[in-house]
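Reader: I have a chain and its fold on my screen. Walk me through the fold and its ligand site, please.

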Amino acid sequence: MAEDRDIPAPPETKLTTTKQRWAREGRFLTGRIARPETERLPPGQHLVRDWPVLDLGLHPRVQREHWRLDVDGAVEHPVSWDWAAVEAQPQRREVSDIHCVTTWSRYDNAWDGLATRDLLDIVMPRPEARFVVLHSHDGYTTNLALEDFAAEDAILAHSWQGKPLTSEHGGPLRLVVPHLYFWKSAKWLQRIAFTGEDHPGFWEVRGYHNRGDPWTEERYSED
Ligand SMILES: Nc1nc2c(c(=O)[nH]1)N[C@H]1C(S)=C(S)[C@@H](COP(=O)(O)O)O[C@H]1N2
Ligand SMILES: [Mo]
């Protein structure tokens, strides 16, 4: 079970207020179901070539020298890594598409970093671990089922298109889970906690879907 730490509550901004209204109104829903095998662009999405920045408006600047990542909770081998320890892990590259719930998608993003599966091999989730909570330096949290976190192409990324992730895009380290809407891909990772119970995160308690599958348009929660 994740114990709560003293992380300040993130601010309510114009953007977060607008996005909560979209959730209430069911904005952008098409009711169409698409298949990733035959279609590349999920329903209700449009393609962009630039890469928009989306977050709560806080861009925490964490220097690599002072950076740490804690991985704990229901695992056999919790770790607390500094930057050198992350660099010493097996490195992988995953090329994937981004689908943001605000309807933009971006193809062919090359991410370098540590595959979540390799992390799981190291920390070894205990049998009761069924969920993962990502905690970030801006106070943001998001939750994932363990099997979504463990997806083959999910990666803890330090680089994008061969260059270190900029601070506005979540550097030094962010999560990327390509098969779910991009709000699940936490920027500025600080802590990864494995839990037995689900803990809905920042957007999940503000009207957004608990899972967020773009192909079935799991944009908003039902109630
Ligand atoms: N820590 C943190 N991670 C976050 C967010 C945030 O506000 N804080 N926003 C999420 C949302 S809603 C999106 S769409 C993506 C945007 O990532 P980008 O700015 O690199 O495009 O980050 C996700 N991860
Ligand atoms: Mo988003």
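Reader: How many helices and strands does the protein chain have?

Author: This is a predicted model. Its secondary structure was assigned along the protein chain. The count comes to four helices and eleven strands.

Reader: What is the radius of gyration of the protein chain, and how does that sit with the globule rule?

Author: The globule rule gives 17 Å for 223 residues. The chain comes close to that, so it is as compact as a globular protein of that length. Its radius of gyration is 17 Å.

Reader: Among contacts between residues at least 6 apart in sequence, what share join residues at least 24 apart?

Author: A contact here means C-beta atoms within 7 Å. Among contacts between residues at least 6 apart, the share that join residues at least 24 apart is 69%.

Reader: Does H1 lie largely in the open or is it buried?

Author: A residue is buried if 20 or more other C-beta atoms lie within 10 Å of its own. Of the twelve residues of H1, the number buried is zero. Therefore H1 lies largely in the open.

Reader: Which residues are closest to ligand 1?

Author: The shell holds 18 residues. They divide into eleven nonpolar, four polar and three charged. The closest are Asp55, Ser136, Tyr140, Trp183 and Lys187.

Notes. Residues are numbered from 1 along each chain as its sequence is written. Chains are lettered from A and ligands numbered from 1 in the order in which they are written. This is a predicted model: local features need pLDDT of at least 70, side-chain atom pairs count only at pLDDT 80 or more; totals for chains, interfaces and linings use all residues. Helices (H or I, at least four residues) and strands (E, at least two) are DSSP runs, numbered from the N terminus. A residue is near a molecule or strand if its C-beta atom, placed from the backbone, lies within 6 Å of it. Ala, Val, Leu, Ile, Met, Phe, Trp, Tyr, Cys and Pro count as nonpolar, Asp, Glu, Lys and Arg as charged, and the others, Gly among them, as polar. The radius of gyration is taken over C-alpha atoms; the globule rule is 2.2 Å times the number of residues to the power 0.38. Two residues are in contact if their C-beta atoms, placed from the backbone, lie within 7 Å.
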